[in-house]
Amino acid sequence: MNNPTGIDYLLELNTRHSRAFMDVSSERRRYRGEHPTEIAALKCMDGRLHLPVITQTALGIIQPFRNLGGKFDLGWPFFQSILDQWVQYSISRGRHCLVFVTYHYARGDNHRGCRGFNYETDDAKDAAFRLKNQFDRVYGKGAVVPIVCGIETDLDALILHGEDDLSVVDLANIKQSSQLLLEEMLNSLYPSMPERIIRDMIPLLLGNISHIAEIRATNRPVADVEHKEWVLGVGRGFDWLHEINTAFIVGPFDPNLSATIETAAKLLLSNIDEGRIDPNGVVLMTSAVYRDEAGPEYQLAREKALFLRKFTHDIIKERVPNLVPHLQILTGFSDLDTRKFEVIERLDAVPSVKKKDKAA
Ligand SMILES: [Zn+2]
């Protein structure tokens with residue numbers, strides 16, 4: 001219970017992340033010049049799945065989409081429109097798209113796996129294959145290439161599933177890591193993958209192989225996955241909130257959003273009821289993103305964050321009322337170019353000392 005909690009901690013974490021994000025902006029530009037493939041990762045909100053760290057890649061290269069349990073469906077109206085915008089943007093710039101469709105597990109213990117799938121790794125994997133097949137049906141074989149990728153969190157190893165759905169390579173088993181050997185391996189796993197994507201995947205694999213070696217060399221203890229999440233995050237723009245045991249993140253993608261929010265709220269309440277977290281440090285945080293400060297996009301993001309706060313709060317009041325007295329509120333939005341979170345609304349304290357700061 002000694003972990004830091006509360007709104008100030010979150011804002012400080014964001015400040016640090018935003019600074020780190022901007023510090024690598026020239027590295028990111030250089031990298032993009034050399035490796036133009038646009039990369040997205042669909043993944044669970046679990047804080048351990050930090051792909052820039054796992055692949056030793058600059059922040060902002062891999063575009064994350066996060067949701068409770070890593071569940072997505074290309075039939076979801078909002079999700080398909082966001083994803084297709086990303087695809088169309090990439091294609092308009094003449095770039096390929098690589099989509100990591102991920103699931104996660106831990107090789108040492110099922111119970112360090114995905115809580116969103118009740119620790120059933122096969123179910124999580126099946127869902128990933130279904131989603132990958134959906135991508136194949138929609139985008140065909142061409143500029144958009146989905147691959148199923150497991151993330152094994154004891155060693156942070158990527159598990160690559162080949163396009164025949166049968167062959168598998170666990171990067172924890174790859175000792176030699178020359179460019180040429182990896183290229184051969186990728187060619188045999190993904191015979192129809194464009195050469196450009198193969199070349200742009202290799203740095204991620206090299207990064208992962210060297211990250212795994214570091215984990216082994218330092219004998220990192222396996223992550224403590226006793227659930228201690230104390231934040232319920234709803235919306236987008238949570239790249240910076242990647243700490244273990246910190247947040248349940250619900251993307252705005254699922255049309256059945258209220259059910260997902262209810263599930264996350266119940267998990268949060270159980271963390272309080274079972275004494276795993278400080279009941280006075282619990283935060284409901286909603287967030288939206290924008291890129292263009294001058295236009296309506298900025299104002300729309302603001303409205304969206306405020307709407308999501310009210311929407312989420314109403315659902316919790318109705319369905320998980322015992323959580324309400326514990327909630328501190330943080331509402332805001334982030335500039336995608338800086339990852340800086342701007343506060344619109346914050347309500348810090350316990351209800352008896354209601355204090356509302358309008359910081360925007
Ligand atoms: Zn998970």
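**Exercise 1. In which order do the six strands of the open sheet stand, and what is the pairing?**

Solution. The model is a predicted one, in which local features need pLDDT of at least 70 and side-chain atom pairs count only at pLDDT 80 or more, while totals for chains, interfaces and linings use all residues. Residues are numbered from 1 along each chain as its sequence is written.

Step two is to read off the order, which is β2-β1-β3-β4-β5-β6, with mixed pairing. Step three concerns the edges: β2 (62-67) and β6 (168-170) each have a single partner strand, so one side of each is left without a neighbour in the sheet. From one strand to the next, the twist averages 25 degrees, where axes are lines fitted to C-alpha atoms (for helices over the stretch in contact) and angles run from 0 to 180 degrees between N-to-C directions.

Step four looks inside the sheet, where β3 (residues 97-105) and β4 (residues 144-152) are joined by nine bridges in the parallel sense, and where C97 has V144 of β4 as its bridge partner.

**Exercise 2. Describe the surroundings of strand β7 (residues 231-235).**

Solution. Begin with the partners: β7 is joined by four bridges to β8 (residues 247-250), the two running parallel, and by five bridges, again in the parallel sense, to β9 (residues 283-290). On the β8 side, L232 stands opposite F248 and G233 has I249 as its bridge partner, whereas in β9 the residue opposite V234 is T286.

Continue with burial, for which a residue counts as buried if 20 or more other C-beta atoms, placed from the backbone, lie within 10 Å of its own, as exposed if 12 or fewer do, and as partly exposed in between. By this rule five of the five residues of β7 are buried. In β8, A247 and I249 point one way while F248 and V250 point the other way, and all are buried.

**Exercise 3. At what angle do helices α6 (residues 179-189) and α7 (residues 195-218) pack, and which residues meet?**

Solution. The angle is about 120 degrees, and the axes lie 10 Å apart. That makes α6 oblique to α7, because angles under 35 degrees count as roughly parallel, over 145 as roughly antiparallel, 65 to 115 as roughly perpendicular and the rest as oblique. For the residues, take two as in contact if their C-beta atoms, placed from the backbone, lie within 7 Å; then Q179, L182, E183, L186 and N187 in α6 meet I198, M201, I202 and L205 in α7.

**Exercise 4. Is A124 buried or exposed?**

Solution. Locate A124 first, in helix α5 (residues 121-139). A124 has 23 C-beta neighbours inside 10 Å and therefore counts as buried. Leaving aside neighbours within four places in sequence, A124 is in contact with Y103, C114 and F117. G69, which is 55 residues from A124 in sequence, lies 8.2 Å from A124 in space, C-alpha to C-alpha.

Note on methods: Pairing = 2+ DSSP bridges.
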